[in-house]
Amino acid sequence: MTDLVEPRQIDPVYETEEPILYEVVEGVAWITMNRPGFNNAQNGQMTYALDDAFGRAVNDDAVKCIVLAGNGKHFSAGHDIGTPGRDLHFEFDKRLMLPPHTNKPAAELLYTREQEQYLGMCRRWRDIPKPTIAMVQGACVAGGLMLAWVCDLIVASEDAFFQDPVNPLMGIPGVEYFAHAYELPPRVAKEFLLLGERMPAARAYSFGMVNKVVPRDELRAATTAWADKLAGQGRLGNWLTKQSVNHVEELRGKRSAMDAVFHMHHFAHAQNDLVKGDSIAGVSGKSAAASNKSQAD
């Protein structure tokens, strides 16, 4: 007798073999999400390619700073919950000390996968020993927040907005990498999560969640200026400086709080499965986008 299940047979259709673009320009690694047709929705293919790119930048001593960007109109629409390339049931070689997820029953499948692809990967990228900058334009929604927040600095265009709508849409208390209450004042974080509304870049800047806001046509130049400055500074000093602030956040309980909310997140997934027959409450990429757009109009 076994408590494992037969993995579901799936055949994701990837629209590109290059979900991540990588180039190094004068000591700066530019890592660009490259699913513009799906607003850079993050599937497993992209997540593992992103991990490869970060690893490549870390292992290259010529790289002194890393920029994370998104190709197209938006930085990222979040996790892939409905494109032909959605690969929830596809098994990639795990990067962390975690077992396969596709042969696990019920709630254990998502719990295992998200420990690896969301919580674990994000913590791994936050601890990269080189300064990182997120260059954000357009939408930075749900899972997109996780990628921006693991970076040390965020430069946003005036048309950028930030949003976590998973509570209104799915009854889930925020995305897996729960940094909301560290990125925003507590009452603002509650507003952000409870209402799930868009936060314009200018308002995010007022709380210190974003470091700089510039016109869209100046975004690349503004990001390059900071990246070049960081790349020209001492390697060890940059590493120790980002590490010191990260350490203070840990002393304030960031990791413990995130662990606690990750389990609430999965309790909500399980409740959705029991009540609605679907871990994300039947929400699809299209329905989420339509709801988001109708509220913004």
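1. Start with R126 and D127: these two form a salt bridge, with their closest N and O atoms 3.9 Å apart. The term here means a side-chain nitrogen of Lys or Arg within 4 Å of a carboxyl oxygen of Asp or Glu. R126 is buried, at 8% relative accessibility, while D127 is partly exposed at 48%. For those labels, buried is under 20% relative accessible area, exposed is over 50%, and partly exposed lies in between (1.4 Å probe, protein chains only).

2. A word on what you're looking at: this is a predicted model, where local features need pLDDT of at least 70, side-chain atom pairs count only at pLDDT 80 or more, and totals for chains, interfaces and linings use all residues. Residues are numbered from 1 along each chain as its sequence is written, and side-chain values use heavy atoms, with hydrogens and water left out.

3. How many salt bridges does the structure hold? The count is 15. One of them joins the side chains of R124 and D51, at 2.8 Å from N to O. This pair ties together distant parts of the chain, as R124 sits in helix α2 and D51 in helix α1 (residues 44-59), 73 residues apart. Helices (H or I, at least four residues) and strands (E, at least two) are DSSP runs, numbered from the N terminus. R124 is partly exposed, with a relative accessible area of 37%, whereas D51 is buried at 5%.

4. K94 and E91 make another salt bridge, and here the closest N and O atoms are 2.4 Å apart. E91 is partly exposed, its relative accessible area being 27%.

5. A106 isn't a glycine, yet it has a positive phi of about 50°. You'll find A106 in the loop between β3 (65-70) and α2 (107-126). Is A106 buried or exposed? A106 is exposed, with a relative accessible area of 69%.

6. A142 is also worth a look: its phi is near 45°, a positive value in a residue other than glycine. This residue lies in the loop between β5 (139-141) and α3 (143-149). A142 counts as buried, at 11% relative accessibility, whereas A106 is exposed.
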